[in-house]
Amino acid sequence: MSAILNLSKLFKFKGGVHPPEHKLESTGAPILPLPLPAQLVLPLRQHVGNIPKICVEAGQHVLKGQLLAEAEGSISAAVHAPTSGSIIAIQEDLIPHPSGLPDMCITMEPDGKDQWIVHTPIDWRTADKQTLVASLRQSGIVGLGGATFPSHIKVRPDGTSGIRTLVINGAECEPYITCDDMLMRERADEIVHGIEIAHYLLGAQECLIGIEDNKPEAVAAMRAACAKSNTALQVVVVPTIYPSGDARRLINVLTGKEIPSYKRSTEVGIQCFNVATVLAMHRYFEFGEPMVSRVVTVTGNVAQPGNFEVLLGTPVTALLDAAGGVLPGTNEYIMGGPMMGFTLPSAQVPITKAANCIIAGAPDLFPQPQPAMPCIRCARCADACPVNLQPQELYWFSKSNNLEKAREYKLFDCIECGCCTYVCPSHIPLVQYYRYAKSETIAQDRAKEAADVARERNEFRLLRIEREKQERAQKHAQKTSGAKAEITDEAKKSAIAAAVERAKEQKAAVQPMNIDNLPPAVQSEIAEVDARRSEAAIQAENAMLEKVITGHDAAHPEAVEKQP
Amino acid sequence: MLQSYILILIGTVLVNNIVLVKILGLCPFMGVSKKLEASIGMAWATTFVLTIGAGTSYLISEYLLGTELFYLRTLSFIVVIAGIVQFTEMVVEKTSPVLYQVLGIYLPLITTNCAVLGIPLLNVQANHNFIESLLFGLGGSIGFSLVLILFASMRERMEAADVPVLFRGSAIAFVTAGLMSLAFMGFAGLTR
Amino acid sequence: MLTALFVMIGLALLLGVILGYSALKFKVEGDPLVARIDAILPQTQCGQCGYPGCKPYATAIANGEADINQCPPGGDAGVRALSDLLGVEYKPLNAEHGTPKPKALAVIDENICIGCTLCLQACPVDAILGAAKHMHTVIASECTGCELCVAPCPVDCISMEPIAESPDNWKWRYPIFEIKPVGIDQNTQQAQTQQAV
């Protein structure tokens with residue numbers, strides 16, 4: 001604690017809360033590996049952006065690190081096999097999502113050999129940045145702090161990236177979660193190598209590593225690792241407050257800059273990465289290992305809380321078993337932390353790239369929320385909000401479905417950190433209202449866009465019909481006034497006969513293809529039907545010819561064809 | 001000189017607020033204050049009409065009518081005000097059709113706003129000169145705008161609040177206006 | 001007496017000239033009201049309101065021929081938005097014109113389709129792709145769910161399938177939770193009932 005010296009100035013953001021940390025439960029043991037589970041379920045949607053395109057099929061045998069689904073479009077990330085084995089199925093399976101709805105997943109069964117593909121590490125110091133970023137796109141690396149934004153988008157090397165400051169997020173402000181802490185303690189050297197890669201790719205001039213002051217061991221380890229590096233890296237210890245780990249809050253604390261909500265941090269020359277993400281980049285470039293595993297904290301009502309190196313797709317039940325099993329009284333499983341996490345639909349869901357912590361919840365750990373009372377407009381929530389919003393106004397507007405006003409009061413700037421719900425004396429679940437209002441507004445916006453497109457299409461259709469009508473009227477006018485009167489019956493007859501010939505040829509050219517290997521009885525039946533059909537066709541043709549030439553319709557004798 | 005002008009302004013905006021103390025101009029106050037954007041638009045329109053109306057009315061009453069044709073005062077004031085409102089309507093329709101639609105019938109009803117007729121008549125009663133009349137009109141309209149915008153903001157929040165069923169809508173609005181009026185009584189004696 | 005008359009007439013004439021001039025200068029073209037009403041309508045182009053599309057219905061509302069509560073796809077929210085815009089009283093949806101249903105998309109069963117193009121001509125947003133004697137299919141992203149294609153199909157191969165919920169379009173629900181009841185305790189309750197008796 002005494003060695004924590006800050007050489008750079010720190011800034012303070014308004015608001016924030018200090019929930020009890022509960023970090024010591026899971027920092028007692030080092031990061032442990034997990035035995036191979038019986039089955040791995042890999043959702044395709046583990047990141048923000050387009051769903052990757054599957055490039056394997058059921059029954060195929062794959063090696064560890066083999067590409068299962070490639071990135072589609074610019075904002076997308078690939079999915080790789082976490083271990084060697086065979087693909088059992090590609091189907092909809094339960095995923096860790098608050099809705100509890102299933103989504104497309106690749107299910108595979110490990111063969112126990114854990115055999116890697118041939119590694120192709122890239123010397124990032126000599127390769128050109130374009131190649132590196134293109135390679136990163138297929139590495140499957142996404143932001144591991146929870147946002148899961150594909151990392152290759154964040155390191156655009158096309159000269160316009162203009163990043164001056166690289167911020168590395170080691171804050172980990174949410175209670176119970178300790179995976180980044182343990183990573184920094186044990187793998188500080190690798191993390192620093194990863195930071196160097198990011199530093200190089202971005203062309204940054206300075207690098208600040210933000211770590212909260214409740215992690216002295218991590219600070220010491222990172223400082224020692226940074227001392228060995230040639231790049232200008234600086235470990236900055238920030239005061240422990242929730243939510244200092246939010247990217248924009250951390251940037252504010254470290255640089256004093258408040259990034260407007262309509263701008264990205266890159267537009268002011270700052271980019272932020274999580275420590276686990278840069279570690280993954282290091283493993284990818286230095287060892288050729290695409291993203292196949294991550295460190296997950298298992299804590300709460302389990303026998304031995306701790307951190308584990310988990311293969312993606314491992315079911316949560318396997319994790320809980322590795323942590324010594326759940327203790328009696330467990331009634332729910334939370335993915336994420338107690339402030340921003342969500343309750344899992346069941347423990348059978350797989351670990352995805354976004355899963356940083358699994359908490360086994362019990363009534364004594366997380367008591368049932370007290371019944372909500374009316375809002376007394378005390379504005380404690382406004383005092384606690386780290387993004388300078390007015391939660392009480394947002395609450396009233398969201399509650400009364402006044403979504404326009406809620407949007408005006410910057411509903412979409414809300415980071416759903418939960419500080420307002422934490423301090424509310426009436427125990428109102430504020431964040432639930434904002435989530436409802438946000439998804440409702442997004443749905444309404446989508447509907448409006450679709451309506452605009454439908455309006456355009458309808459207008460074009462009406463225009464097209466008008467235009468066709470006019471063209472037909474023009475043609476008709478031309479016909480009646482024009483030179484068509486000279487065509488005699490003979491010319492008409494020959495034109496029609498030629499058309500009939502063409503039609504016959506076309507029909508004859510199309511062979512039915514499923515009549516091979518049929519028993520003779522069936523074949524003769526088919527021949528009979530064909531004969532009948534051709535008879536009828538010839539009769540119909542003759543009738544048509546008669547009708548056109550003589551104006552006399554044998555089928556409808558009473559109808560008299562009008563003369564043009 | 002300047003001091004008396006400032007006193008007139010403060011007097012009309014706060015102490016003798018035309019809506020809450022003199023109880024004039026309640027119609028648009030109640031009718032337009034459901035939405036904040038409409039209220040802001042109405043505030044601008046009424047400021048324009050009141051200020052120009054007060055000035056023009058003074059000129060007409062002083063120079064055109066003099067002391068002989070005093071009985072034509074109300075009539076000519078109304079005619080001039082109606083003309084100014086009509087002009088304002090045309091300008092609003094041209095520049096901001098959305099505001100025009102939002103204000104609806106209340107825009108031409110500025111003509112019948114008792115404050116808009118009341119201020120010029122009060123000017124005549126108090127024997128103000130031209131500058132004082134203009135300031136009185138400006139002050140009155142600023143007071144009207146202030147209270148209108150405050151009230152609209154409150155009404156928007158009351159829309160979402162847990163009001164007992166019987167009180168929802170106009171009832172709670174009138175109660176609030178009454179409470180605001182009580183509050184503005186606190187300014188009495190400010191300009192003594 | 002005469003001066004009074006001249007003064008009033010003069011005033012009226014002067015104002016008339018000013019207003020006439022400004023009427024010409026500030027003339028507003030067209031009727032943007034129809035466009036504004038049309039912007040609120042959901043553009044399903046289903047015809048349930050009794051008019052052949054959303055623009056004709058908007059025109060009818062602007063002319064005062066139609067009521068604002070005839071659009072089921074717009075739902076209650078649409079009626080309220082219209083009543084806000086036009087300043088008319090809100091009324092509940094007119095059940096004669098249909099009831100709001102969850103949005104469904106048309107799907108053509110390709111095994112049964114005979115390629116007659118009748119549905120192509122019926123679709124108000126040209127969302128059906130195909131040609132004569134060729135397979136027809138509905139472009140799902142453009143389908144508005146108006147159901148105008150279902151009736152003309154001679155082989156009944158078009159079905160309306162409600163949009164399934166997926167993690168993509170899932171919405172958080174409106175929070176419903178227990179509110180702390182404030183009740184009177186047993187003694188007070190007993191005393192009150194006794195007093196009433």
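Chain B and chain C of this predicted model bury about 1600 Å² between them, and 78% of that area lies on carbon and sulfur atoms. On the chain B side, the residues that lose the most area to chain C are B:M90, B:K94 and B:Q101, which together account for 33% of what that side buries. In terms of contacts, 20 residues of chain B meet 16 residues of chain C.

Between chain B and chain C the rule finds 0 salt bridges, and the count of residue pairs in polar contact, with both residues at pLDDT 80 or more, is 1. Three helices of chain B, namely α3 (36-65), α4 (73-95) and α5 (97-103), each supply at least two residues of the side that touches chain C. Of the elements on that side, α4(B) gives the most, with 11 residues. Sorted by class, the side of chain B that touches chain C holds 13 nonpolar, 4 polar and 3 charged residues.

Attention now turns to chain A. Its secondary structure comprises 15 helices and 17 strands. The C-alpha trace of chain A spans about 110 × 60 × 55 Å along its principal axes. The radius of gyration of chain A is 34 Å, whereas a compact globule of 564 residues would have one near 24 Å. Of the 564 residues in chain A, 45% count as buried.

A:E289 sits in the loop that runs between α7 (275-287) and β13 (293-300) of chain A. Leaving aside residues up to four places away in sequence, A:E289 touches A:W116, A:H119, A:R283 and A:Y284. With one of these neighbours, A:R283, the contact is also polar: the side chains of A:E289 and A:R283 are joined by a polar contact of 2.9 Å.

How values were computed. Residues numbered from 1 in each chain as written. Chains lettered and ligands numbered in written order. Predicted model: local features only at pLDDT ≥ 70, side-chain atom pairs only at ≥ 80, totals over all residues. Heavy atoms only, no water. Contact = heavy atoms within 4.5 Å. Buried area = accessible area lost by both parts, 1.4 Å probe. Salt bridge = Lys/Arg side-chain N within 4 Å of Asp/Glu carboxyl O. Polar contact = N/O pair within 3.5 Å; in protein donor to acceptor, adjacent residues only side chain to side chain. Helix = DSSP H or I, 4+ residues; strand = E, 2+ residues; numbered from the N terminus. Nonpolar A, V, L, I, M, F, W, Y, C, P; charged D, E, K, R; others polar. Rg over C-alpha atoms; globule rule 2.2 N^0.38 Å. Buried < 20%, exposed > 50% of the residue type's maximum accessible area, 1.4 Å probe, protein only.
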